[in-house]
Amino acid sequence: MNKKFLTVIGSAAIAAAFWACGGGDIYEATDNDIVFKDLLSQSGALKNRCADSNGCDGAFDVESSSSSEEQVVESSSSNSGPAPQSSFSFRSSSSSIEVIPTSSEEAKPVTGLGSCAPLKSPVDKNTASAQFKFTPNATTSGYKPVDFAAATYEWDFGANGSAASNGGSTSQMVTYAASGSVTASVVVTMKDGSSEKITCTPLQVNGDPITGCACTTDAASVDFTETPDVTWKVAGCKSTSDITSYSWEGVAGADPSFTKTFATAQTGWAPKLKVGNSDKTVIDVTCPAVKTTSGPEYTLDIGENASQKPSKDKMSVDVKSGGCISIRGSWGNDGYKPSITVLCDMTATSSPVSFTMTTPSKKTYTATGATWGFSNAGGEVGSISGVGKIEIDGICLEFTGAETVNCYLQ
């Protein structure tokens, strides 16, 4: 058994048991020790200033009628948890025995207690839909869920934030009277006194709404070896306040168009676009994805200096769902400028049967077939303007009911 003895020269002789606050063991006096209760019976007063079970300030005052001589015995304790470490001096005098801290550490700020973020962003101003939530980190913080349940939470929502209730909760509903990007914070204080100020992920509060924005691009699929640059444009945005910014891929500006140069094949890539107005409203606008290929994925070749389109028997291609067709060749008949039509047939192997063709101009053709499939599904994809090179990309297919469809020029 661990003991720490205190010898008082005088009428009383006692042993003071050592108390380890925080995560350490507790050693209590027993009949084998020089009992502390004899002293208590003489004095009748004990002051324990332990703040809680996880932290002590290390002072006990016990009145005594013993002599004025004193002896100091020092003891130290060490804890592995977040509680402070302390060392104590025991003093005896004619009036009291006092345990005096000779060194101590106050509870220090900690890091990694958790994170904070809005549950929804953006929200509109003057509505009670803004909500911040603190998420505790019980895996690496060293604290258990029960410790976070006993913690206190002090929220700060900024000058424009008005909370339905404030403090004492891991989740808060807030109303903001002004638009813009706002940041809240929460001070988390654990029961042992350790604390951390956590800044929340910013919340976008919108003012006057922005509507009508439409983002488009020239083709759903391109051969980047021939057409590396792809451009997107946004138009139709309306708001009571002036439209002031177009942020493409996180770069703010005033250009409603964006161009990306491709050097690799990708199944689909689209830029991230945010549109803002003078009332500090910011909205996300979805742009169509573009598939890029190293060379045409599927090709229908008209031929060189062609005077007429090849027949189905001479030119067709089997295409998988998600694939895109390119038309290549050159035209030599200036007196004949036909439209170009792509049609597809399916022999179904499963159900349901469906088909969608998207053209470079974003026109779509759809078909639903019987259990056997369908034929002649599709439509016009472009036209021949005169003698010269022919390049049409981005004739893309989505379908169910078979692994491939057979497509040809008409």
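This is a predicted model: local features need pLDDT of at least 70, side-chain atom pairs count only at pLDDT 80 or more; totals for chains, interfaces and linings use all residues.
Residues are numbered from 1 along each chain as its sequence is written, and side-chain values use heavy atoms, with hydrogens and water left out.

The chain contains two helices and 35 strands; helices (H or I, at least four residues) and strands (E, at least two) are DSSP runs, numbered from the N terminus. Of its 410 residues, 40% are buried. Buried means under 20% relative accessible area, exposed over 50%, and partly exposed in between, with a 1.4 Å probe and protein chains only. A contact means heavy atoms within 4.5 Å. Among the contacts in the chain with a separation of 6 or more, 65% join residues 24 or more positions apart.

V174 counts as buried because its relative accessibility is 1%. Leaving aside residues up to four places away in sequence, V174 touches several others, including T127, F132, F157 and A163. A163 is eleven residues from V174 in sequence, and their C-alpha atoms are 4.3 Å apart.

The aromatic rings come next. Rings of Phe, Tyr and Trp (its six-membered ring) pair if their centres lie within 6.5 Å; planes under 30 degrees apart count as stacked, over 60 as edge-to-face and the rest as tilted. By this rule there are twelve aromatic pairs. The rings of F134 and F148 have centres 6.2 Å apart and planes at 45 degrees, so this pair is tilted. The pair links distant parts of the chain, with F134 in strand β10 (residues 130-136) and F148 in helix α2 (residues 145-149), 14 residues apart. Both F134 and F148 are buried.

The pair W248 and F258 is stacked, because the ring centres are 5.5 Å apart and the planes stand at 10 degrees. W248 and F258 are each buried. Ring pairs also link W232, W248, F258, F262 and W269 into a cluster.
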